[in-house]
Amino acid sequence: MYLAIIGVMLYFAGPTSMTEGLQSPSIGPEKVCADTLLVITPGLVITPGSDISLSLAARTFGGRFVYLADQLTATVIPYYWTHSQTEIRAGDLFGWFYADDGKPALLPVFTEGGGYEFYFSDNLHTEPENSIFITRRITYFTDDDSFCQS
Amino acid sequence: MPKLKAKQIEFTSVSMLTTKSVQAVAASFAGLLAFINASNEGPDVVPERICPLEEISITEPTGLNLSLAVRTPDGFHLILADHGFATVVPNYWSAHSVSLPARDLIGFDYNEDGPYIRPVFEVSGIYEFYFAENLETEPENTISFTRRVEFMIGSPECEPDPSGIEKK
């Protein structure tokens, strides 16, 4: 009986001892044009010691993985680490990547019309299964699309 | 008369409080400056003379989260770390000291086409590293520190650079 109670207590105590909660990140709206203001909420992993802000990356139309806000590489979104919410024009969103020669470069994220994936993670440098990895999808419409002309 | 006395007391205590507050703020500020000066732990960039193949170390131990930019001898003003723009020095905000090969130090700025990045060290000369609470105001309006580093290409003091950066 006592063992069962202790077991139940450990079951519930276990996960919360490492991570107490997650303030969910967001990026939106879901449909954007170049002039749309993207609103980004970085999100937070709440732990007993200190809270960890989630890094952000994206995949461009050409399939390249680019960093938008990452302490280990670069941060190219203004106020990402200092504000609970930040805004940037979709057409001004650039990502940081390493070219084939190993040199860093910048690339606009939104180029062609279509779906783009954004990744929030506590560690962008490991496999998704080894970290907190939250995917958000945004559809980009080019200026000549009727969605952007309305 | 008693009313006047009460007012006098009130005035005296308020002015004492104000004086004490000013003294406390002044003491804190003096303490901060004393800490930075006395402990010689202001922000720094070393070495003062650097070759292309050497490592550069950037130290910001003040706890003030100072932003960092650099002015190059060929007239570029590049942002290295500023929350309001971009941070392109790995671990700058999380570590008190960052070391990396000089050739890997990248700067960020905008031109008419949008944001761009480029290596900081491209030509020989004096590079001015500027640490400040606010990079967008005059140095006299912010806490700021300047450190100068001489970059040498093709100097006899330096190992030959196999990457073949043009000698300027």
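**A guided look**

Guide: Let's start at one residue: setting aside neighbours within four places in sequence, Ala57(A) is in contact with Phe65(A), Val66(A), Tyr67(A), Leu68(A), Asp70(A), Tyr119(A) and Leu124(A). Two residues are in contact if their C-beta atoms, placed from the backbone, lie within 7 Å. Keep in mind that this is a predicted model, where local features need pLDDT of at least 70 and side-chain atom pairs count only at pLDDT 80 or more, while totals for chains, interfaces and linings use all residues. Residues are numbered from 1 along each chain as its sequence is written, and chains are lettered from A and ligands numbered from 1 in the order in which they are written.

Visitor: Which residues touch the most other members of the largest nonpolar core?

Guide: A nonpolar core is a set of buried Ala, Val, Leu, Ile, Met, Phe, Trp, Tyr and Cys residues joined through C-beta atoms within 7 Å. Buried means 20 or more other C-beta atoms within 10 Å of a residue's own, exposed means 12 or fewer, and partly exposed is in between. Here the largest core has 61 residues, and Ala57(A), Leu68(A), Leu80(B) and Val88(B) touch the most other members.

Visitor: How do I read a sheet, and what is the strand order in the one with E4 of chain A?

Guide: In general, strands of a sheet pair through backbone hydrogen bonds, either parallel or antiparallel. Helices (H or I, at least four residues) and strands (E, at least two) are DSSP runs, numbered from the N terminus, and two strands pair if DSSP finds at least two bridges between them. In this case 3 strands of chain A make an open sheet, ordered E2-E4-E9, with antiparallel pairing. Strand E2 (26-28) and strand E9 (86-89) of chain A have a single partner strand each, so one side of each is left without a neighbour in the sheet. On average, neighbouring strands of this sheet are turned by 15 degrees against each other, direction ignored; the strand axes are lines fitted to C-alpha atoms.

Visitor: How many bridges join E4 to E9 in chain A?

Guide: Strand E4 (residues 37-41) of chain A is joined to E9(A) by 4 bridges, and the two run antiparallel. Within E9(A), Glu87(A) is the residue opposite Val39(A).

Visitor: What is the order in the sheet with E5 of chain A?

Guide: That open sheet has 3 strands in the order E1-E5-E6 (chain A), paired antiparallel. Its edge strands, strand E1 (21-23) and strand E6 (52-53) of chain A, each pair on one side only.

Visitor: How many residues of chain B are in contact with chain A?

Guide: 15 residues of chain B are in contact with 14 residues of chain A. On the chain B side, strand E8 (residues 114-119) gives the largest share, 4 residues. That side divides into 9 nonpolar, 6 polar and no charged residues. For this sorting, Ala, Val, Leu, Ile, Met, Phe, Trp, Tyr, Cys and Pro count as nonpolar, Asp, Glu, Lys and Arg as charged, and the others, Gly among them, as polar.

Visitor: What is the phi of Tyr79(A)?

Guide: Tyr79(A) is not a glycine, yet has a positive phi of about 60 degrees. Tyr79(A) lies in the loop between strand E8 (65-69) and E9 of chain A, and counts as partly exposed with 19 C-beta neighbours inside 10 Å.

Note on methods:
Axes are lines fitted to C-alpha atoms, for helices over the stretch in contact, and angles run from 0 to 180 degrees between N-to-C directions.
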